[in-house]
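Dear colleague,

I am handing over the structure we spoke of, with its sequence, and would be glad if you could look through it alongside the notes below.

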Amino acid sequence: LVCSLQHEPDRQQTIKLLSHTSFREAKIVSGGSPHYQCQDIQARQVHQMAVTGMFVAAAIKELRTAVLPTMVALVRHYTMIAIAQQAGPFPAVGQRLSRLSGMDGLVLVDALASIMGHEEKELCKPGHLAMVLVLDTATTITGSRERACRLPLMDYLADKMCALCYERAWYAKLGGCIAIKFLFERMDLRWVLERQFNFLKALLFVMMDLTGEVSSGAVDMARSNLEKMLRHCAAPIDSTSVEENQVADLVSTQEKSIYDVTHELVRQVTSPNKYVRDQAIHCLKVLAELTDRTVTD
């Protein structure tokens, strides 16, 4: 992995690029645009396997001390590559997308998905640390968590982690639940509100698919996460922590998100799965409590 890095001969140029004001001020194009991915599929698969191996090594007690510094540096490196390709003075959109070469930063997210969905749940610890590093690095470069969450990198991360909940194995679903918990707790509120419906569907599927089967805590975690997420997203907006000109827009986003979630929960009240039915009714009661309405409203 270290040998595959392209060492920039002029360190000052790299620092100058990542310090460019456009990372903090210019519009970040998110949603709809294609992600840059390395065209050499075989090389990308090998690279992903190597990154996955690095996370496995970080979870092994005897190797942890030696591996962690390299892991932290490489996770930050991949994150900076992805950010430089998606924002700043030279975002990879339009013709620039076809001119890019080399490995893409999104290989880190694919390796993360492999780790979070692995049968050995100890591997979730370095995976969780990696997600913390990705968010912290993006926040430092873009200037705020709100701007960091606009990056297509974060959408790709959310999609991959939600996809784990639809895998057949219980351990993949459990990894998806752990990742979703991190996302709704640590990401910007607007970003979470815009994806709350997707998270809800993923968590409900875990409950529906694993009820009555060996789940090793996946169903309980999905249920717990669902209530925590609803309480986090439906709580009244704290206007003191948001800029005045953004309060109305955030409230509008929250109302739309709650409407979509409520509609889905009402639909699930008639689910053939008793556990899902009970949870949908419970969640509607939670929403009613938080919005000062009755369940029938």
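Predicted model: local features only at pLDDT ≥ 70, side-chain atom pairs only at ≥ 80, totals over all residues.

Residues are numbered from 1 along each chain as its sequence is written, and side-chain values use heavy atoms, with hydrogens and water left out.

Salt bridges

A search of the whole structure finds 18 salt bridges, the term being used for a side-chain nitrogen of Lys or Arg within 4 Å of a carboxyl oxygen of Asp or Glu. One of them joins Arg44 to Asp104, with the closest N and O atoms 2.9 Å apart. This pair links distant parts of the chain, since Arg44 sits in helix H3 (residues 41-59) and Asp104 in the loop between helix H5 (95-99) and helix H6 (107-116), 60 residues apart. Helices, here and below, are DSSP runs (H or I, at least four residues) numbered from the N terminus, and strands would be E runs of at least two. Arg44 counts as buried at 8% relative accessibility, and Asp104 is likewise buried, with a relative accessible area of 0%; buried means under 20% relative accessible area, exposed over 50%, and partly exposed in between, with a 1.4 Å probe and protein chains only.

A further salt bridge is formed by the side chains of Asp110 and Lys160, at 3.5 Å from N to O. Asp110 lies in helix H6 and Lys160 in helix H9 (residues 152-164), so this pair ties together parts that are 50 residues apart in sequence. Asp110 is buried, with a relative accessible area of 8%, whereas Lys160 counts as partly exposed at 30% relative accessibility. Arg44, Asp104, Asp110 and Lys160 are linked in a network of salt bridges.

The side chains of Asp209 and Lys173 also meet in a salt bridge, at 3.0 Å from N to O. Here too the pair links distant parts of the chain, with Asp209 in helix H11 (residues 189-210) and Lys173 in helix H10 (residues 170-186), 36 residues apart. Asp209 counts as partly exposed at 24% relative accessibility, while Lys173 counts as buried at 0%.

Helix H14 and its packing

Helix H14 (residues 274-291) has 18 residues, which at 1.5 Å a residue should span 26 Å, and its end C-alpha atoms are 26 Å apart, which agrees; the expected span is 1.5 Å times one less than the number of residues. At the start of H14, a side-chain oxygen of Asn273 reaches to within 2.9 Å of the backbone nitrogen of Tyr275, and the helix is followed by Asp292, whose phi is positive, near 55°.

The buried residues of H14 include Val276, Ala280, Cys283, Leu284 and Leu287. The buried residues of this helix pack against H11, helix H12 (218-234) and helix H13 (244-268), where contact means heavy atoms within 4.5 Å. The axes of H13 and H14 come within 8 Å and cross at roughly 145°, the axes being lines fitted to C-alpha atoms over the stretch in contact and the angles running from 0 to 180 degrees between N-to-C directions. In this contact, the residues of H13 include Ile258, Val261 and Leu265, and those of H14 include Val276, Ala280 and Leu284.

Gln86 is found in helix H4 (residues 61-86) and is buried, with a relative accessible area of 14%. Not counting residues up to four places away in sequence, Gln86 touches Ile28, His35, Pro91, Leu106, Leu151, Pro152 and Leu153.

Tyr166, in the loop between H9 and H10, counts as partly exposed at 40% relative accessibility. Tyr166 and Ala202 are 36 residues apart in sequence and 7.0 Å apart in space, C-alpha to C-alpha. Among the residues that Tyr166 touches, leaving aside those up to four places away in sequence, are Lys173 and Ala202.

Thr137, finally, has its place in helix H7 (residues 124-142) and counts as buried at 6% relative accessibility. The side chain of Thr137 makes a polar contact with the side chain of Arg76 at 2.8 Å, a polar contact being a pair of N or O atoms within 3.5 Å, of which, within protein, one must be able to donate a hydrogen and the other to accept it, and residues adjacent in sequence count only if both atoms are side-chain atoms.
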